[in-house]
Amino acid sequence: GRSASRRGSAPGPGGRPDGGTSTLAIPASPSFTKSIVSTSNLDTGSSMFDPTMPDLTIGEKLTYKMVLTLPLGTTQNVSITDLLPAGLVPLTEPGSIRVSVGSGLLSSSQIIGTSGHTVTVTFGNVMNSSVSDINDADRIMIEVDARVKDLPGLVAGNKLTNAAQVDYKIGDRSDNLKASASSEVLEASLV
């Protein structure tokens, strides 16, 4: 994030007593990350194949976390799309998709949709009125639970990359950010 100097409110009743400025660490534009935060089989670890990626067995459940940090002001048409690869299926039972909107954010809507391997969360316009350094008050966090499917051709060592994208508009500029998280298949059959 960047630091920006913001002029304090006018001196007097209800304003800053000294009319000074403060330096806050606030983002100049949105940022977006994605990670795997948990898996259901603690025995799989990440020691096979690529040690930087979690190893998964067929039928194992994992949780992806996406974090969108928003700048001060209004970010329009905010939509986050999570596209799971063919070897994973999003779980759709209640509680499998969790959305947390920071306390400094006000969203005009929140619609969660699933279709096949895609999870979409649409927020409409989001206003960030946070008055502190960047923290969870400036963030939208989404967790999606998924399960490894038993598919023909899914063999040990296959890499499963889950890609996500956030679309948004600030002022007259539309843009998007992308993030991904990868895992690999440890076993190709149910145990």
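## Exercise 1: The surroundings of Ser-96

Task: In this predicted model, determine which residues Ser-96 touches, not counting residues up to four places away in sequence.

Solution. Step 1: with those sequence neighbours set aside, Ser-96 touches Leu-91, Glu-143, Val-144 and Asp-145.

Step 1: Ser-96 belongs to the loop between β7 (88-90) and β8.

Step 2: compare its accessibility with the cut-off. Residues under 20% relative accessible area count as buried, and Ser-96, at 4%, is therefore buried.

Step 3: examine the side chain. That of Ser-96 reaches the backbone oxygen of Glu-93 at 3.0 Å.

## Exercise 2: Strands and confidence

Task: State how many helices and strands the chain has, and identify where pLDDT stays under 50.

Solution. Step 1: the chain contains zero helices and 14 strands.

Step 1: consider the contacts between residues at least 6 apart in sequence. Of these, 71% join residues at least 24 apart.

Step 2: turn to burial and surface. Of the 191 residues in the chain, 36% are buried.

Step 3: The chain has a mean pLDDT of 85, with 83% of its residues reaching 70 or more. Over residues 1-18, however, pLDDT stays under 50, and the model has 39 contacts beyond four places in sequence for this segment. Where pLDDT is low, the predicted coordinates should not be read in detail.

## Exercise 3: The nonpolar cores

Task: Identify which members of the largest nonpolar core touch the most other members, and which strand gives the most to this core.

Solution. Step 1: the core has 19 residues, and those touching the most other members are Phe-32, Leu-68, Ile-80, Phe-123, Ile-140 and Ile-142.

Step 1: trace the contributing strands. At least two residues of this core come from each of β5 (61-69), β6 (73-83), β11 (118-128), β12 (139-148) and β13 (159-170). The strand that gives the most is β11, with four residues.

Step 2: Beyond four places in sequence, the residues touched by Ile-140 include Met-66, Leu-68, Ile-80, Val-101, Leu-105 and Phe-123.

Step 3: note a second, separate core. It has twelve residues, among them Ile-58, Leu-62, Leu-154 and Val-185. As a general background, nonpolar side chains in soluble globular proteins tend to be buried together.

## Exercise 4: Salt bridges

Task: Give the number of salt bridges, and decide whether Lys-34 is buried or exposed.

Solution. Step 1: the count comes to six salt bridges.

Step 1: take the pair formed by Lys-34 and Asp-82, whose closest N and O atoms are 2.6 Å apart. Lys-34 lies in strand β3 (residues 31-39) and Asp-82 in strand β6, so that the pair links parts of the chain 48 residues apart. Lys-34 counts as buried because its relative accessibility is 9%. Asp-82 counts as buried too, at 0%.

Step 2: take the pair formed by Arg-98 and Glu-143, which meet at 3.1 Å, N to O. Arg-98 is partly exposed at 30% relative accessibility, and Glu-143 is partly exposed at 24%.

Step 3: extend the view from this pair. Arg-98 and Glu-143 are linked with Lys-61 and Asp-145 in a network of salt bridges.

Step 4: The side chains of Asp-136 and Arg-139 form a salt bridge at 3.2 Å, N to O. Asp-136 is partly exposed, with 47% relative accessibility.

## Exercise 5: Positive phi values

Task: Determine where Phe-49 lies and where Asn-77 lies, and give the phi of Phe-49 and of Asn-77.

Solution. Most residues other than glycine have a negative phi.

Step 1: consider Phe-49. Its phi is positive, near 55 degrees, and Phe-49 lies in the loop between β3 and β4 (55-56). At 47% relative accessibility, Phe-49 is partly exposed.

Step 2: consider Asn-77. Its phi is likewise positive, near 50 degrees, but Asn-77 lies in strand β6. Asn-77 is partly exposed, at 48% relative accessibility.

Notes
Residues are numbered from 1 along each chain as its sequence is written. This is a predicted model: local features need pLDDT of at least 70, side-chain atom pairs count only at pLDDT 80 or more; totals for chains, interfaces and linings use all residues. Side-chain values use heavy atoms; hydrogens and water are left out. A nonpolar core is a set of buried Ala, Val, Leu, Ile, Met, Phe, Trp, Tyr and Cys residues joined through side-chain atoms within 4.5 Å. Buried means under 20% relative accessible area, exposed over 50%, partly exposed in between (1.4 Å probe, protein chains only). Contact means heavy atoms within 4.5 Å. A salt bridge is a side-chain nitrogen of Lys or Arg within 4 Å of a carboxyl oxygen of Asp or Glu. pLDDT is the predictor's confidence in each residue, from 0 to 100. A polar contact is a pair of N or O atoms within 3.5 Å; within protein, one must be able to donate a hydrogen and the other to accept it, and residues adjacent in sequence count only if both atoms are side-chain atoms.
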